[in-house]
Amino acid sequence: MNRKINAPILILYVCLILGALVSLFPFYWLAVMATNSSSAFMRFPPVMTFGSQFIQNVGNLLHSINFGRAMFNTFVVSAVKTGGGVFFCSLAAFYFAKFRFPGRRLLFALCLITMMIPPQLNLIPQLIIMNRLNWLSTFKALIMPGLIPAFGIYWMNQYCVGAIHDDLIDSARIDGCNTFGLFCHVGLPIMIPGCAFLCIYIFMDSWNDYLWPLIVTNDSRRSTIQVALAQLQGAYNSTDYGMVMCGVLLATLPLFIIFLLFSKQFTADITSGAVKS
């Protein structure tokens with residue numbers, strides 16, 4: 001049985017496929033350059049096939065910087081900031097959205113105002129605070145200033161307002177659930193899709209952060225991956241682009257893994273297990 005082809009739907013799929021190919025091409029080019037020598041980077045027409053220099057590039061990378069240590073430091077900092085940020089942002093957002101207490105609107109407005117301040121203006125005050133606390137070149141200096149992002153509170157607050165029904169909270173109160181229990185047993189299970197997005201956002205933001213780790217850390221044992229990769233520019237008299245691309249490729253892989261782990265939560269039922277009105 002022949003089926004008529006819907007022209008608008010066909011055009012839509014073609015555009016989506018082309019858009020996906022355009023979006024994926026930089027990652028393909030990155031992988032190609034990571035397997036070629038530095039000379040292939042300047043060729044015209046550009047090299048579009050994989051080479052045989054990947055192992056050599058990896059060896060040069062490990063010889064030039066402490067790549068494993070930098071990856072470990074970045075993973076620790078990103079994981080702690082992600083876990084702490086998601087917990088505290090969702091906790092604050094839940095009480096902002098579903099509880100009425102004096103000063104609630106003012107506190108939430110102040111939280112939103114901090115989003116309007118350029119991050120560069122906070123560098124000097126934060127650096128002075130870290131120095132007075134003797135936290136320079138420590139994990140605490142890398143983690144604490146950005147542990148609770150204002151955007152995370154705003155995002156989870158908007159999610160709570162639309163996803164969590166007041167009747168669920170009233171029912172839990174009747175059953176004897178305390179204040180913190182409302183968050184753990186009612187709010188948090190429903191906020192899982194929103195938390196999944198926030199996990200990806202905080203992890204990627206922390207993983208790609210370069211300026212703050214560069215300023216607050218002068219110990220190579222605490223260097224993050226972005227700071228370590230920047231050092232490759234001065235590793236040799238001329239930049240070895242194959243080695244640089246290899247380092248960027250290896251540093252990007254954890255971001256793909258985190259995205260694949262949490263992206264499936266985007267389509268989860270936000271009221272799974274809840275009583276629907």
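**A walk through the contacts**

Author: Let's start with one residue. Thr74 has a relative accessible area of 2%, so Thr74 is buried. Bear in mind that this is a predicted model.

Reader: Which helix is Thr74 in?

Author: Thr74 sits in helix α3.

Reader: And what does Thr74 touch, leaving out residues up to four places away in sequence?

Author: Thr74 touches Trp207, Thr224 and Ile225.

Reader: How far is Thr74 from Ala251, in sequence and in space?

Author: They are 177 residues apart in sequence. In space the C-alpha atoms are 9.8 Å apart.

Reader: Back to Trp207. Which helix contact do Thr74 and Trp207 belong to?

Author: The one between α3 and α10. The axes of these two helices come within 8 Å and cross at roughly 145°. The crossing is right-handed. On the α3 side, the contact residues include Met71, Thr74, Phe75 and Ser78. On the α10 side, Cys195, Leu198, Ile202 and Trp207 are among them.

Reader: New topic. What about nonpolar cores? How many residues are in the largest one?

Author: The largest nonpolar core has 30 residues. Phe94, Ile164, Leu182 and Met191 have the most contacts inside this core.

Reader: Which elements give two or more residues to this core?

Author: Those are α3, α4 (104–114), α7 (150–163), α8, α9 and α10 (192–207). The biggest share comes from α3, with eight residues.

Reader: What's in the second core?

Author: The second core is separate and has 16 residues. Ala70, Val244, Ala251 and Leu255 are included.

Reader: Let's zoom in on Leu182. Where does Leu182 sit, and is Leu182 buried or exposed?

Author: Leu182 is in helix α9. With a relative accessible area of 2%, Leu182 is buried.

Reader: What is Leu182 in contact with, aside from neighbours within four places in sequence?

Author: The contacts are Phe94, Phe99, Ile169, Ala172, Arg173, Cys177 and Gly187.

Reader: And how far off is Phe54?

Author: Leu182 and Phe54 are 52 Å apart, C-alpha to C-alpha. In sequence they are 128 residues apart.

Reader: Ile169 and Ala172 were on that contact list. Which residues of α8 are buried?

Author: In α8, which runs over residues 166–174, Leu168, Ile169 and Ala172 are buried. They cover an arc of only 100° around the axis, so they lie on the same side of α8.

Reader: Why would residues a few places apart point the same way?

Author: An α-helix has 3.6 residues a turn, so residues three or four places apart point the same way.

Reader: What do the buried residues of α8 pack against?

Author: They pack against α3 (67–98) and α9 (179–190).

Reader: What comes just after α8?

Author: Gly176 does, with a positive phi of about 95°.

Reader: Are they buried or exposed?

Author: One of each. Asn134 is exposed, at 66% relative accessibility. Ser137 is buried, at 13%.

Reader: Okay, rings now. How many aromatic pairs are there?

Author: A search of the whole structure finds 17 aromatic pairs. Take Phe87 and Phe88. Their ring centres are 5.2 Å apart and the planes are at 75°, so this pair is edge-to-face.

Reader: Are those two buried, exposed or partly exposed?

Author: Phe87 is partly exposed, with a relative accessible area of 33%. Phe88 is partly exposed as well, at 37%.

Reader: And how are the rings of Phe94 and Phe183 arranged?

Author: Their centres are 5.9 Å apart and their planes are at 55°, so the pair is tilted. Phe94 is in helix α3 and Phe183 in helix α9, so the pair ties together parts 89 residues apart in sequence. Both residues are buried.

Reader: Which residues do ring pairs link into a cluster?

Author: Ring pairs link Phe87, Phe88, Phe94, Tyr95, Phe99, Phe180 and Phe183 into a cluster.

Terms used: Residues numbered from 1 in each chain as written. Predicted model: local features only at pLDDT ≥ 70, side-chain atom pairs only at ≥ 80, totals over all residues. Heavy atoms only, no water. Buried < 20%, exposed > 50% of the residue type's maximum accessible area, 1.4 Å probe, protein only. Helix = DSSP H or I, 4+ residues; strand = E, 2+ residues; numbered from the N terminus. Arc of directions from axis to C-beta. Contact = heavy atoms within 4.5 Å. Phe/Tyr/Trp six-rings, centres within 6.5 Å; stacked < 30°, edge-to-face > 60°. Core = buried A, V, L, I, M, F, W, Y, C linked by side-chain atoms within 4.5 Å. Axes fitted to C-alpha atoms, helices over the stretch in contact; angles between N-to-C directions. Left-handed = near helix turned anticlockwise from the far one by under 90°.
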